[in-house]
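Please read them with the structure open.

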Amino acid sequence: MARVLLLAAGGLAREAASSILATGDHQVAGMLDDSASLWGGKVAGVPVLGGIELAAQRSEMLLVCAGPGRARERIVRRLAALGVGPGRYATHVSGTADIGSNASVGPGSIILSGCVLTCDVSVGKHAVLMPRVVLTHDNAVGDYATLAAGVVLGGNTVIGPTAYVGMNASVRQGLSVGEGATLGMGAVLLVNQPANSVWAGNPARALEHASSDQTSPKQSQSDHSSMAAQRAAGSSWGNDHDEDTSLSA
């Protein structure tokens, strides 16, 4: 059983800690977070030992638990500059997940309770699958992608790197969600979604175009659908979008 440090002490870290405890695949040694106000205290009963860069001075395996994919990517880049290599990252798969024998899950990825990966499914590095995500045959989930609770993908679907798919969204077979795109909660995607775009609705449609460093869509008071997309990309993570700012390189 490997000892792990959870990086970024927000909602996802609390969920990962609970899932790890229930599964028993790792031992959580502590959390690291750049918010100095947390140092020396505990989050969900787990001690916060110091800032993110302390990981480079320690020997435990690591799980990056920032909610937005681009925040996870920035943390990995920061630590790589300090000499932390890919071999330091653990993978967590909940004991209640149903993982096909020929599915692959990359280092640093987190798969929470009730997820299903059927056959010939590929999940990249540092991806996050929240509870009850269903991936079917030949799905490919890119590095740092985030699939919120209840997402269902038809066969031969591709989710691009750092993309976010909101709660209970579904994607028709053979389609793709582009790199950095946001698909709002409850959306039904019937055509390919371009990179760095924000779509929502049934059927899903374009709402606005995201900038290359955007982690959540900009709220529009006049567009209820745009607000729904923002909530899908942000509020389900608790304070993780606030953490994104402090964790930037």
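1. The side chains of K125 and D143 form a salt bridge at 4.0 Å, N to O, where a salt bridge is a side-chain nitrogen of Lys or Arg within 4 Å of a carboxyl oxygen of Asp or Glu. K125 sits in the loop between strand 11 (122-123) and strand 12 (128-129), and D143 in the loop between strand 14 (140-141) and strand 15 (146-147), so the pair ties together parts that are 18 residues apart in sequence. K125 is partly exposed, with a relative accessible area of 39%, and D143 is also partly exposed, with a relative accessible area of 26%; buried here means under 20% relative accessible area, exposed over 50%, and partly exposed in between, using a 1.4 Å probe and protein chains only.

2. A word on provenance: this is a predicted model, in which local features need pLDDT of at least 70 and side-chain atom pairs count only at pLDDT 80 or more, while totals for chains, interfaces and linings use all residues. Residues are numbered from 1 along each chain as its sequence is written, and side-chain values use heavy atoms, with hydrogens and water left out.

3. The structure holds six salt bridges, one of which joins the side chains of R3 and E60 at 3.8 Å, N to O. This pair links distant parts of the chain, with R3 in strand 1 (residues 2-7) and E60 in the loop between strand 4 (46-50) and strand 5 (61-64), 57 residues apart. The side chain of E60 also meets that of R58 in a salt bridge, at 2.8 Å, N to O.

4. What does T162 touch, when residues up to four places away in sequence are not counted? The residues are G69, R70, E73, D143, Y144, A145, E179 and G180, contact being defined as heavy atoms within 4.5 Å. The list includes D143, the partner of K125 in the salt bridge of the opening point. T162 lies in the loop between strand 17 (158-159) and strand 18 (164-165) and is buried, with a relative accessible area of 10%. A polar atom of its side chain lies 3.3 Å from the backbone nitrogen of G180.

5. V191 is found in the loop between strand 22 (188-189) and strand 23 (197-200), and is partly exposed, with a relative accessible area of 46%. Leaving aside neighbours within four places in sequence, V191 is in contact with L175 and W199. The C-alpha atoms of V191 and V171 are separated by 8.6 Å, and these two residues are 20 apart along the chain.

6. The largest nonpolar core has 29 residues, of which L117, L135, L147, I159 and L183 touch the most other members; a nonpolar core is a set of buried Ala, Val, Leu, Ile, Met, Phe, Trp, Tyr and Cys residues joined through side-chain atoms within 4.5 Å. A second, separate core of 20 residues includes L6, C65, L112 and M130. C65 is buried, with a relative accessible area of 0%, while C119 is partly exposed at 33%. The structure holds zero disulfides, a disulfide being a pair of cysteine sulfur atoms within 2.5 Å.

7. An open sheet of six strands has the order 7-10-13-16-19-22, with parallel pairing, where two strands pair if DSSP finds at least two bridges between them. Strand 7 (98-99) and strand 22 stand at the edges, each with a single partner strand, so one side of each is left without a neighbour in the sheet. Strand 13 (residues 134-135) and strand 16 (residues 152-153) pair in the parallel sense over two bridges, and the bridge partner of V134 in strand 16 is V152.

8. For the chain as a whole, the secondary structure comes to four helices and 24 strands, taken as DSSP runs numbered from the N terminus, with helices H or I of at least four residues and strands E of at least two. Buried residues make up 52% of the 249 residues in the chain.

How values were computed: Polar contact = N/O pair within 3.5 Å; in protein donor to acceptor, adjacent residues only side chain to side chain.
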